[in-house]
Structures are given as C-alpha cells and as structure tokens.
Amino acid sequence: MAHKTEIGKDILEMLMFSLYPEAETIYREYLQNATDSIREACDTGVLDSMEDGHISIRINPSQHSVVIQDNGIGISAESAERTLKDVAKTTKKKKDYLAGYYGIGRLVGAGYCRRLIFETSAKGESLESKIVFDVDKIRAILEDEDNDMGASEVIDAVTAFSQRPVNEEDHFFRVSLNDILADYPELLDETAIRDYLKQVAPIDYLAEFKNSLIKPSISENGEDYLLRYNSMSRVKVSLNDYVDIRKPYGLRIDGTGDQIYGLRFFTIISDKRESLAWGWYAITEFSTQIPDRDPNNNSFVLTRGMRLRIHNIQIGNQNFFDGTEYFKQARSNKYFNGEIHIIHPRIKPTTDRSDLAPTAEALEFKEKIRAFFNYEMQDVYQTANKVKKQLEKYQSATNILTTSHPTDPSISGHSASSMAQDVSKAYEDQSKASEEIRKQLDAPRAQKPGVKAMLNVYQQKMNQIREEAEANMLEEPSALYGSGKNDMLVPKPTATEEMEAMACKYGSEGIGMLKKVFTLIDRHTPTRSKEIVSSIKSAVLNDLKNE
C-alpha cells in the first residue's frame with residue numbers, strides 16, 4: 001500500500017513562530033491582507049473605490065492588545081471556518097492584482113500573543129463568524145516530543161469556532177492579538193508603529209508632495225506615469241487617534257534640508273520590452289548623504305534611500321538597495337529619496353517579504369535596476385558633488401568682487417594694493433569655477449535625464465548668484481586724481497555724476513535715456529566682463545563730454 005503523506009506539527013513552528021525576524025512586520029502582513037480584501041470589495045461593488053477602504057489599528061498597551069480591522073469584502077458565513085483554519089490554501093494566485101500569494105500570513109500574529117482571534121462578516125449576511133486560536137495550547141503541543149499529531153490535527157484541537165447575529169450591511173475582517181507577550185513591547189509602541197506604517201503601508205502621499213511635486217513632474221513625463229500612479233493601491237490607514245497616515249515625503253529632504261526641485265520618473269524595461277517596474281527619485285542639490293537620523297532633532301529619517309514596493313507595500317526595509325549589490329559604491333543609495341514600484345505579475349516577494357522570489361523576471365529586474373543605478377543615478381550625485389564644490393568657489397570669489405573697492409580714497413596705499421591683488425585673484429577664481437561648471441554642463445553625461453535635471457538646479461543657482469552680485473555691484477570705484485602729486489586729493493566723479501553734469505548739453509531727457517542704456521548694459525554684463533565694460537562706459541562718457 002502506498003505511503004500516505006502527512007504534514008507534521010512542526011510546520012506550525014515555522015508558520016507561527018519563526019517566519020518573521022522582526023515583530024513589527026506582522027503589521028505589514030495584516031495590512032496586505034486587509035488591502036486585498038478592500039480591493040475585492042471594490043471589484044464586487046461592495047465598495048465604490050479603494051479610497052473608500054479603511055484599515056483601523058487600535059493599540060492598547062494597558063491591555064496588551066492590538067486590533068486590526070478593515071471594511072473589505074469579509075468572508076461568508078458558509079466558508080469562514082474552512083477559510084480561517086486551512087493553511088497555504090488560497091485563490092489569490094489567480095488574481096495578479098492582489099498582494100497576497102501564499103495563504104499563510106494570517107497565522108503570523110500567533111508568535112507574539114497568547115490568543116489570536118479572527119472575526120468577519122460579509123455584506124448581505126446576518127452572521128458574524130469568529131475563530132479563536134489558543135496559542136498557549138499550540139506551544140504546549142509543539143513542545144511535547146511525545147505528541148505526534150499532524151499540523152491539521154493541532155489546528156483543529158486548538159481552535160474554537162462560533163457565529164452570532166450581526167447587521168446584514170456589515171462587512172469587515174478583524175484580527176485581535178490578545179495578551180501580547182512581554183518580549184515584544186515594540187508591538188505596543190504607538191509612535192514606532194506609526195513610523196513603520198508610514199514607510200511600508202499602501203497609503204497615499206502628503207497633499208503638498210502630490211500637488212507641488214508629483215502632479216507637475218508627471219505632467220512633464222507623459223500619460224503612462226499618470227495611469228500608473230492612479231492605479232497604485234492606496235487605502236486609508238488609521239492608528240488610534242491618528243486618523244489618516246501618509247507617506248512622509250515632503251518638499252525637502254529630511255536629514256539634509258535639501259529642497260526638492262522635481263521628481264525624475266523612470267521605467268525599467270525587460271529585454272522582451274515588457275515593463276518590469278516604474279519609479280521616481282527626487283531631484284535635489286545632493287549636497288550630502290542622507291543620514292539615518294536627523295541631526296536637528298535626532299529622529300529617524302523615514303525617507304532615506306530608494307524603496308522597493310509591490311502593490312504599494314514596501315519590500316524589505318530602507319537598506320534594501322544599500323551596499324554594492326546594486327550600486328558600484330556602497331554609499332550611493334544614501335544620496336537618494338524615492339520609490340520603485342514592481343508592476344510585472346511574475347515578480348513576487350519572498351515569503352517574509354524581505355526580498356524578491358528568484359523568478360526569471362525578478363532576476364532580470366535586479367540586473368536592469370543595477371544597470372540604471374550605475375548608468376544614471378550614480379552620475380547624478382557624483383556630478384552634483386563636483387558642481388557643488390565649484391559653485392562654492394564661484395560664490396566665494398563673487399563675494400570678494402562685490403565687496404572689495406581697492407581704489408576707495410579712505411583705504412591706504414598698502415591696503416589698496418593688497419585688496420587689488422585679492423580682486424585680481426577673485427576674478428581668476430571666478431573664471432576658473434565658471435569654466436569647470438561649464439565643462440560639467442557640456443559633458444556627455446549631462447544629457448542623461450536625471451543629471452540634466454540636477455544640473456539645471458545648479459545652473460539656476462549660479463544665475464541667481466550672478467544676478468544678485470550684479471544688483472549689489474557698486475558703481476565704478478572712486479579714484480584720486482589731480483595734476484600732480486601735491487594736488488588736493490579729490491574723489492573721481494561717479495558715472496552718474498558725470499552724466500548729470502552734461503544735462504545742460506544733452507537735456508534731462510537725453511541723460512535719462514543714457515542712464516537707462518547704461519543700466520541695461522550693467523544688467524546683461526557677466527561679472528567677469530565688468531572691468532572691460534566699465535572702461536567702455538568711461539570712454540563713451542569722455543567722448544560725449546568732448547563733442
């Protein structure tokens with residue numbers, strides 16, 4: 001007689017007590033199940049849209065309990081007991097739009113509490129179904145080496161199923177972790193869990209980020225990105241009195257304060273021309289690496305690095321793309337702020353969602369994203385570092401040129417000479433810095449979209465420095481003049497004074513027009529050409545006086 005295969009009880013040890021290395025990941029698992037339930041409610045007309053979905057989390061430290069409830073499709077009274085007790089038996093694999101895959105995540109909460117409870121009801125039914133897992137009893141059975149029960153027998157022995165009347169309009173699924181073990185206080189830390197949810201949950205962005213950055217950037221990149229963004233799973237998640245948790249991306253980079261000027265959208269395409277993923281990263285000055293903690297308040301930075309997501313649920317953590325597996329330099333990921341959304345149906349997460357399951361498509365995605373990182377994104381921050389240094393030199397030289405007046409009569413001869421040397425060197429430094437920046441702007445890599453967008457930021461900053469310098473530049477410095485060394489030292493008239501002195505010859509209207517022309521010339525003259533233009537203006541005034 002052929003052997004009848006059995007599933008031993010120890011499989012429950014893995015599913016309930018060993019699957020996830022970090023306790024807070026159970027929130028991600030239950031959020032995923034709740035999101036799937038809400039999506040199915042939308043598909044069946046129970047909810048009008050994903051935006052009507054709501055996942056409520058209640059943490060009660062005094063009672064050592066956590067309750068997670070959604071208003072999704074629920075489970076019918078007829079199939080509730082079978083669905084809630086069966087393991088690794090799911091229909092989700094047939095639905096690519098759902099985030100769950102394996103049908104085992106529901107049990108993960110058992111490893112952190114003494115009683116795990118599921119309650120559910122489907123719309124149009126008058127019964128609520130409830131099943132209670134006695135986790136203490138499960139642990140006792142698993143520890144008893146003489147007990148040879150199979151996994152199914154254990155589940156039947158430790159669960160109690162019941163039903164009670166409810167309103168037919170109710171539709172929900174509720175998970176309760178009661179008597180959470182003292183070893184896992186992090187599950188009851190509301191602040192820490194809220195920060196965790198902001199990073200991993202399938203939630204929306206802050207309104208200011210959407211309106212000021214996402215929408216304008218998407219409109220510049222085409223309709224494809226708008227469709228992908230609109231189809232991204234987004235549900236409302238609340239935690240105790242925090243009623244609408246949002247992703248923490250803002251208008252500046254936490255930890256560095258760098259302003260975000262726009263978003264660079266991109267698509268990862270396979271060799272078969274299939275879309276594997278799409279994503280975005282923030283265009284900033286890339287002034288420095290984003291730290292783990294904000295130096296201003298010592299709080300954790302929740303947006304450091306590129307984040308990987310499937311169905312808008314984060315895979316792994318903020319360090320997923322750190323190291324040299326993806327970038328050539330281990331530090332590269334710490335310069336960026338952005339997301340990558342997997343969209344190919346055959347790219348799926350591992351059971352614990354710390355990585356991608358090794359399918360052919362997943363392996364190709366990793367290869368393609370590695371190539372994209374090193375082709376474009378590494379050039380972005382490395383070029384930014386070069387330009388930033390030159391811009392600092394340009395700014396320093398410009399400051400000297402706008403504040404130094406070596407021919408001011410109040411300055412002694414030695415000081416004036418020294419200052420003149422400083423001015424001469426500043427002109428040289430400014431010219432060199434400007435030329436180095438120009439080289440970066442003209443380099444072939446400057447045509448890569450991300451590099452080009454970043455360089456535009458620095459080009460604008462350089463223009464701003466020049467315009468401010470020109471606005472603050474004093475008129476041609478005064479000089480001492482006379483017929484001989486013993487003559488009285490008299491300041492040379494300014495250009496304005498010389499023009500006004502010719503009013504009787506050319507009339508106030510002519511002098512007004514001349515002043516306007518000189519002002520326009522000043523406005524459009526590069527700083528490095530100021531000295532030449534000043535000489536030309538002096539020659540023009542001299543010719544006008546002698547006509």
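**Helix packing, sheets and a salt bridge**

User: At what angle do helix α1 and helix α4 pack?

Analyst: Helix α1 (residues 10-18) packs against helix α4 (residues 135-143) at about 135°, and their axes are 11 Å apart. Axes are lines fitted to C-alpha atoms, for helices over the stretch in contact, and angles run from 0 to 180 degrees between N-to-C directions. That angle makes α1 oblique to α4; angles under 35 degrees count as roughly parallel, over 145 as roughly antiparallel, 65 to 115 as roughly perpendicular and the rest as oblique. This is a predicted model, in which local features need pLDDT of at least 70 and side-chain atom pairs count only at pLDDT 80 or more, while totals for chains, interfaces and linings use all residues. Residues are numbered from 1 along each chain as its sequence is written, and side-chain values use heavy atoms, with hydrogens and water left out.

User: Is the crossing of α1 and α4 left-handed or right-handed?

Analyst: The crossing of α1 and α4 is left-handed. A crossing is left-handed if the near helix is turned anticlockwise from the far one by less than a right angle, and right-handed if clockwise.

User: Which residues in α1 and α4 meet?

Analyst: From α1, L12, E13, M16 and F17 meet V135, I138, R139 and L142 of α4, where contact means heavy atoms within 4.5 Å. The residues of this contact of α1 with α4 comprise six nonpolar, no polar and two charged. Ala, Val, Leu, Ile, Met, Phe, Trp, Tyr, Cys and Pro count as nonpolar, Asp, Glu, Lys and Arg as charged, and the others, Gly among them, as polar.

User: And α2 with α6, at what angle do they pack?

Analyst: α2 and helix α6 (residues 190-200) pack at about 50°, with axes 10 Å apart. That makes α2 oblique to α6. The crossing of α2 past α6 is right-handed. In α2, T25, Y27, R28 and L31 meet I193, Y196, L197 and V200 in α6. By class, the contact of α2 with α6 has six nonpolar, one polar and one charged residues.

User: Changing topic: in what order do the seven strands of the open sheet run?

Analyst: The order is β5-β4-β3-β6-β2-β1-β7, with mixed pairing. Helices (H or I, at least four residues) and strands (E, at least two) are DSSP runs, numbered from the N terminus, and two strands pair if DSSP finds at least two bridges between them. The edge strands, β5 (159-165) and β7 (236-239), each pair on one side only.

User: How many bridges join β1 and β2?

Analyst: Strand β1 (residues 54-60) and strand β2 (residues 65-70) pair in the antiparallel sense over six bridges. V67 in β2 is the bridge partner of R58. Helix α2 (residues 25-43) packs on the sheet and touches β1, β2, β3 (113-121), β6 (172-180) and β7.

User: What about the five strands, in what order do they form an open sheet?

Analyst: That order is β8-β9-β12-β10-β11, and the pairing is mixed. β8 (262-269) and β11 (313-315) each have a single partner strand, so one side of each is left without a neighbour in the sheet. Neighbouring strands of this sheet are turned by 30° against each other on average, direction ignored. β8 pairs with strand β9 (residues 275-283) in the antiparallel sense over eight bridges, and R264 stands opposite Y281 in β9.

User: Last topic: how many salt bridges are there?

Analyst: The count comes to 28 salt bridges, a salt bridge being a side-chain nitrogen of Lys or Arg within 4 Å of a carboxyl oxygen of Asp or Glu. The side chains of E81 and K85 meet in a salt bridge at 3.5 Å, N to O. Both E81 and K85 lie in helix α3 (residues 80-85), four residues apart, about one turn of the helix.
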